[in-house]
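Here is a quick tour of a protein fold for someone meeting it for the first time. Have a look at the sequence and the model, then read on.

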Amino acid sequence: MEDKKFAVLIDGDNTSSKDIDTIINEVAKEGIITYKRMYGDLTKPNLASWKNVLLKYSITPVQQYAYTTGKNATDTAMIIDAMDILYTGKVDGFCLVSSDSDFTRLAVRLREAGMLVIGMGKQQTPEPFVKACSMFKFTDLISASKAKAEQLSATVEHADSKESAKTPLEDIQKSVDTLIDENGDDDGWILASTVGTYILNKYSDFDSRNYGFKKMIDLLKSLSYGTRLSADKSTYFITKRTTDTLSGYTDLVQQPVKKQQTKNTKYQKKIAAKK
């Protein structure tokens, strides 16, 4: 299958040049970057740090002077370019890098055209823009050191503060519980991949790294969900039972999974039909 092609458009007025590694790496996971543009008034001192970054990553700078006070000409230029690129038909998706809610309508319009829209910005990004994207990644959390990530995980109960659009962990846990109740097998097990697909479809901002974990399965374990591997050790299953209540399973790896696989296959077909 051919890799998806992406246009990366960066709002330089609302993005730190220090986040460029995170931006490029995250988009590279989804496909090939064919357009790389950064918008802003490069004559301003606060954008001076972008000079070396633009050269290193072959990003095309789009110089945009502020024609009048109080109006953001950078946003307008970025929106116009996005629509021009859309009509070329040469990309499969866009990465809009900004913490500005002004790009909410653009994200909606691009998705209406069938584009995959990846949003990137800081935690204070307004919720409407976050929800308008197919997926949204918080650059400050992804770029955080391991120690800081652990600290964020420990204080995740406060994630629904006014300064962050990140989905509260409590909401995610309730959604997982409901999914297991409605789609788990008779013993309460469900494919971890089914859980992952469901959460990503429901919460555009979800990323296990937002809560201090590199993988979703590690996040689920931290929430006291029980886990087991399939016989070939390639697939994880989870249950609402905690580790302490799983003592009756003498061989978790060898537990039958046919019924579970059937139910999850039906659920995955439902998800595909909605897309």
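## Before we start

In what follows, two residues are in contact, or touch, when they have heavy atoms within 4.5 Å. Also keep in mind that this is a predicted model.

## The big picture

The protein chain has eleven helices and nine strands. Of its 275 residues, 47% are buried. If you take the contacts in the protein chain with a separation of 6 or more, 62% of them link residues 24 or more positions apart.

## The six-stranded sheet

Six strands make up an open sheet, in the order E3-E2-E1-E4-E5-E6, with parallel pairing. Strand E3 (60-63) and E6 sit at the edges, so to speak: each pairs on one side only. From one strand to the next, the twist averages 20°.

Let's zoom in on one pair. Strand E4 (residues 93-97) runs parallel to E5, and five bridges join the two. Gly 93 stands opposite Leu 116 in E5, and Leu 96 stands opposite Gly 119 in E5. Is strand E5 (residues 116-121) enclosed or open? Five of its six residues are buried, so E5 is largely enclosed by the rest of the structure.

## Helices on that sheet

How do the two helices sit relative to each other? The axes of helix H3 (residues 73-88) and helix H4 (residues 104-112) come within 11 Å and cross at roughly 5°. Angles under 35 degrees count as roughly parallel, so H3 is roughly parallel to H4. On the H3 side, the contact is made by Ile 79, Ala 82, Met 83, Leu 86 and Tyr 87, while H4 brings in Leu 106, Arg 109 and Leu 110. Sorted by type, the residues of this contact are seven nonpolar, no polar and one charged.

## Two residues up close

Is Ile 20 buried or exposed? With a relative accessible area of 4%, Ile 20 falls under the 20% cut-off, so Ile 20 is buried. This residue is found in helix H1 (residues 20-28). Leaving aside neighbours within four places in sequence, Ile 20 is in contact with Ile 10, Trp 50, Val 53, Tyr 57 and Ile 59. Ile 20 and Val 97 are 77 residues apart in sequence, yet their C-alpha atoms are 10.0 Å apart in space.

Now for Ser 134, which lies in the loop between helix H5 (127-132) and strand E6 (135-138). Not counting residues up to four places away in sequence, Ser 134 touches Arg 111, Met 115, Leu 116, Val 117 and Ser 204. With one of these, Arg 111, Ser 134 also makes a side-chain polar contact of 3.4 Å.

## The three-stranded sheet

There is also an open sheet of three strands, ordered E7-E9-E8, and here the pairing is antiparallel. Its edge strands are strand E7 (189-191) and strand E8 (226-229), each pairing on one side only. The twist in this sheet averages 30° from one strand to the next.

E8 and strand E9 (residues 236-239) run antiparallel and are joined by four bridges. Leu 229 stands opposite Tyr 236 in E9. Helix H9 (residues 192-202) lies across E7 and E9, running at about 65° to E7.

Methods
Residues are numbered from 1 along each chain as its sequence is written. This is a predicted model: local features need pLDDT of at least 70, side-chain atom pairs count only at pLDDT 80 or more; totals for chains, interfaces and linings use all residues. Side-chain values use heavy atoms; hydrogens and water are left out. Buried means under 20% relative accessible area, exposed over 50%, partly exposed in between (1.4 Å probe, protein chains only). Axes are lines fitted to C-alpha atoms, for helices over the stretch in contact, and angles run from 0 to 180 degrees between N-to-C directions. Angles under 35 degrees count as roughly parallel, over 145 as roughly antiparallel, 65 to 115 as roughly perpendicular and the rest as oblique. Ala, Val, Leu, Ile, Met, Phe, Trp, Tyr, Cys and Pro count as nonpolar, Asp, Glu, Lys and Arg as charged, and the others, Gly among them, as polar. Two strands pair if DSSP finds at least two bridges between them. A polar contact is a pair of N or O atoms within 3.5 Å; within protein, one must be able to donate a hydrogen and the other to accept it, and residues adjacent in sequence count only if both atoms are side-chain atoms.
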